[in-house]
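Hi,

Here is the structure I promised to pass on. Have a look at it first, and then read on for my notes.

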Amino acid sequence: MNAGFLTALFASGMRQGVPLIYGSVGDCVSEKAGVVGICIEGEIIFGAFFSYLFALRSGNLWLGVLMGAIAGMISSLMVAAWSIYFKQDQSIIGIMFNIFAAGFTNFLNRKIFGVSIASEKIETFKPIKIPGLSEIPIIGEVFFNQDILTYLSIVLAVITLLVMKKTKLGLQMLAVGENPKAAQASGVQVQRYRLIAYMFCGFTAGLAGASLTLSTVGSFTEVISAGRGFICLAIVILARWNPVVACIAGFGFGSIQALQLRLQIMGSVVPHQFFIALPYLITLVVLIVAGHNIRAPKELGVPFDKESR
C-alpha cells in the first residue's frame with residue numbers, strides 16, 4: 001500500500017464516517033438521558049428520503065439538509081411518545097419503527113418517483129479546501145479537503161461534549177439518565193428532558209440521512225442506511241457515551257467501509273458478499289473484544305414513573 005492508496009482510503013473513510021458521526025453523537029445524548037436509540041436506523045432513512053426530496057424539488061441543498069433533520073426529529077416524536085410517556089419497551093418500539101420507516105419511505109419513493117429504483121441524481125456538496133492545512137501530506141487531504149457537512153459533524157461532536165460536561169442543561173441530562181428520582185426531587189422535569197434528548201437524537205439522525213443523500217450518494221435508494229443506525233449504537237457503547245470519542249470511532253468504522261468498497265473494486269477470489277459483511281463483522285468483533293467493563297447509564301432503557309417510589 002502506497003501513500004496515495006492510504007490517502008484515498010482515509011479520505012473516503014472520512015466521508016463514509018460522517019453519517020455514523022452524526023448518528024452516534026445524537027445517541028450519546030439520548031442514552032445519557034436514559035432513552036435507547038434503537039430507532040436511529042429508521043430516523044436516518046426518514047432524513048435521507050426527505051432531504052433528497054426537498055433538495056431535488058427546490059434545487060437547494062441546504063433546504064434539503066434542514067428538512068431531513070426536521071424529518072428525523074419529527075419521526076423521533078413517534079417513538080418518544082410511546083417509550084417516554086406511555087412507558088412501552090424501548091427496544092420493541094425501536095425495532096417496529098425501523099420496519100415502519102423502511103416500508104413507508106419505500107412506499108413514498110415508489111409513489112412519487114415510480115417503481116424504478118434508479119432515482120434522479122442531484123448535485124452533492126463539494127469539498128472545501130482549508131488553505132494551508134489541506135496541503136499537509138495525507139492528513140491534509142483526509143481531514144481538510146471535505147465538504148461542509150463533514151466539518152459540521154466534527155464541530156457538533158465537540159460542542160455536544162462541552163454542553164454535556166460544562167453546562168447546567170448537560171448535567172441535568174446526565175442526572176435523568178443516572179438517577180431520575182433524585183433529579184425529579186431537585187425540580188428537573190425528567191420526561192421533558194428525556195424528550196428533548198431524544199428529539200436531538202432524531203435531529204442528528206436526520207442529518208446523518210441528509211449527509212448520505214446530499215454528500216455521498218446524490219440520490220435515494222431503498223433502505224439507504226444499510227445498517228448504519230445499528231453501527232451507531234455500537235460506536236456509542238465503545239466510545240463510552242463520549243461524543244468526541246464517538247466521532248473518532250465513526251471515522252474508524254467509515255474507513256472500514258471504504259476499505260471493503262476498494263477491495264471489491266480491486267477484485268478477489270473471495271465472494272463480494274464477504275466484503276459487504278466485513279464492516280458489520282468487525283463491529284461485532286470489536287464489541288466482543290473491547291466491550292468489557294463498560295458501564296452504561298444506570299437508568300438506560302428504564303421507563304420513568306414519577307408516581308412510583
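Not counting residues up to four places away in sequence, Ser225 touches Glu41, Ile44, Ile45 and Leu212. Keep in mind that this is a predicted model. Ser225 sits in the loop between helix H9 (190-217) and helix H10 (228-238). Its relative accessible area is 0%, so Ser225 is buried, the cut-off being under 20%. If you'd like a distance to check on screen, the C-alpha atoms of Ser225 and Thr213 are separated by 10.0 Å, with the two residues 12 apart along the chain.

Now over to Glu41, one of those contacts of Ser225. Glu41 belongs to helix H2 (residues 40-58). Leaving aside neighbours within four places in sequence, Glu41 is in contact with Asn98 and with Ser225, Ala226, Gly227, Arg228, Gly229 and Phe230.

Most residues other than glycine have a negative phi. Ile138 isn't a glycine, yet its phi is positive, about 65 degrees. You'll find Ile138 in the loop between strand S1 (128-129) and helix H5 (139-143), and it counts as partly exposed at 38% relative accessibility.

Arg240 is not a glycine either and has a positive phi of about 55 degrees. Arg240 lies in the loop between H10 and helix H11 (243-266). With a relative accessible area of 44%, Arg240 is partly exposed.

Cheers

How values were computed. Residues are numbered from 1 along each chain as its sequence is written. This is a predicted model: local features need pLDDT of at least 70, side-chain atom pairs count only at pLDDT 80 or more; totals for chains, interfaces and linings use all residues. Side-chain values use heavy atoms; hydrogens and water are left out. Helices (H or I, at least four residues) and strands (E, at least two) are DSSP runs, numbered from the N terminus. Contact means heavy atoms within 4.5 Å. Buried means under 20% relative accessible area, exposed over 50%, partly exposed in between (1.4 Å probe, protein chains only).
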